[in-house]
Amino acid sequence: MTEYQALRHIPHANLFRQGDVFVLFGELFGRGYVNGLIDEARAAGMTIVGITVGRRNDDGTLRALTAEEHAEAEAKLGGRIVNIPLMAGFDMDAPEGEQNPTEMLSGITLKSWQEDKLDWTKIEACRQAGVARFTASARQAMAEIDKLVPDGANVFFAHTMAGGIPKIKAFLAIANRIYKGRGERFMSSRALLDSDLGKLILMNFDEVTANTLKYLIDASAGIRSRVESKGGQVRYTAYGYHGTEVLIGGDYQWQTYTNYTQGYAKMRLESIATAAWNGGVAATVFNCPEIRTNSSDIFVGVELSLFPLLAALKKEGGNGNAWAQQQWDACQALLNDGVSLQSILDKLETYLQTPTSAGFRNYEAWPMDNTPELADLMIGTSEEITSLHKDKKDLITDHLSALVLESAGPLMFHGAAEKIAPVLWLNHDIIARQLIELHKNA
């Protein structure tokens, strides 16, 4: 278990400047955490460079972007994209003439998945094929990126790869029961982890979410060596999740969403950054707060711990802070007539204080399995609060997610420059304080 270390001060180190290079190691598809980093890099005058995960042909083979796709991706990034496919994971890889894991799983059904078995020798051969493909492509991509880094420049590598669920029809139904099910539809997350399907998913999560950071650090060793020999510096960042401190009973306390299946891979990510750091490479995993994204929406209830951020804004900014009050007013305006924002926060306080919720605030045991009692409480609370909004597509948690993204960008950008530690938690205290500072003249 990683030593817990929260970022408690607003970093202001300014390492990066005009002519330095920002490398996005992961493709930009929509609005997310990395946009804040890109905004900071652009404001500093850095050259923006990205990679692509590539695209799949109809037969499943991986290919580079077409000219049209390449132009569209570069426009979205606002920088140059090296067009070498870097699709992480091994779910579509196999030795020549063999089935890949996705094909091996094609016969799995909602009735059979807990008993279906996989041939782990074949799975390991597929994993090795995937790693060989990815690492070879990573070396190629870094050779191209090396040409874009001038002597004397500093380089910022932002790792954003995560995920790894194989595309099989049965999994969505399984996931809906584990992450959205309650009552008769509840399914234990432990049932997934104990199955061969679950074990494969955890392996692929490790490859996509965690091991790619090591592959990046290894593949960019030549860039790092040249940059440092010319007096420059290199930083690596990655996005983690390992629970977040939020206000509970007036104090900041660590809590977490359960069950966070990717937690095992996120801990592996932390260990990779720690090993790199101990070897003299400045790599930092920033464990960020829960937010709502397209990919997190399957996890009903993950958004609940966003609400206490409103209280944190007033605590860190003072009750008279005008900008903090504007955020309260904006959130109040999203609720049905007759529903007060304070009543929502009271509901959340009750939810967080219940013995059921409190039982999962066990850092050493993370990530814990879900339970029927937690699912009933968490999903029920989430659905109740959502129903109190005027528009179910315009939620308070959308507004608060945008604020977290805005704050995390500068915290990570300047925090990486400061070179503080290999793993740092961004909790609601520092998120709120950074926001108050950013808007002090509002």
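Here is a walk through this structure, from the whole protein down to a few of its strands.

First, some ground rules: this is a predicted model, where local features need pLDDT of at least 70, side-chain atom pairs count only at pLDDT 80 or more, and totals for chains, interfaces and linings use all residues. Residues are numbered from 1 along each chain as its sequence is written, and side-chain values use heavy atoms, leaving out hydrogens and water.

Let's start with the big picture. The protein has 16 helices and 11 strands; helices (H or I, at least four residues) and strands (E, at least two) are DSSP runs, numbered from the N terminus. Its radius of gyration is 22 Å, close to the 22 Å that the globule rule gives for 442 residues, so the protein is as compact as a globular protein of that length. That radius is taken over C-alpha atoms, and the rule is 2.2 Å times the number of residues to the power 0.38. Those C-alpha atoms fill a box of roughly 60 × 55 × 40 Å along the principal axes.

How much is tucked away? Of the 442 residues, 56% count as buried, meaning under 20% relative accessible area with a 1.4 Å probe, protein chains only (exposed is over 50%, partly exposed in between). Among contacts between residues at least 6 apart in sequence, 81% join residues at least 24 apart, where a contact means heavy atoms within 4.5 Å.

Now look at strand 1, residues 21-25. All 5 of the 5 residues are buried, so strand 1 is largely enclosed by the rest of the structure. In a regular strand, side chains alternate between the two faces of the sheet. Here Val21, Val23 and Phe25 sit on one side and Phe22 and Leu24 on the other, with both faces covered. Strand 1 runs parallel to strand 2 (residues 47-52), and 4 bridges join them; two strands pair if DSSP finds at least two bridges between them. Phe22, for one, has Ile48 as its bridge partner in strand 2.

Further along comes strand 8, residues 244-248, where 5 of 5 residues are buried too. Thr244, Val246 and Ile248 are on one side, Glu245 and Leu247 on the other, and both faces are covered. Strand 8 pairs with strand 9 (residues 251-255) in the antiparallel sense, over 5 bridges. Across that pairing, Glu245 stands opposite Trp254.
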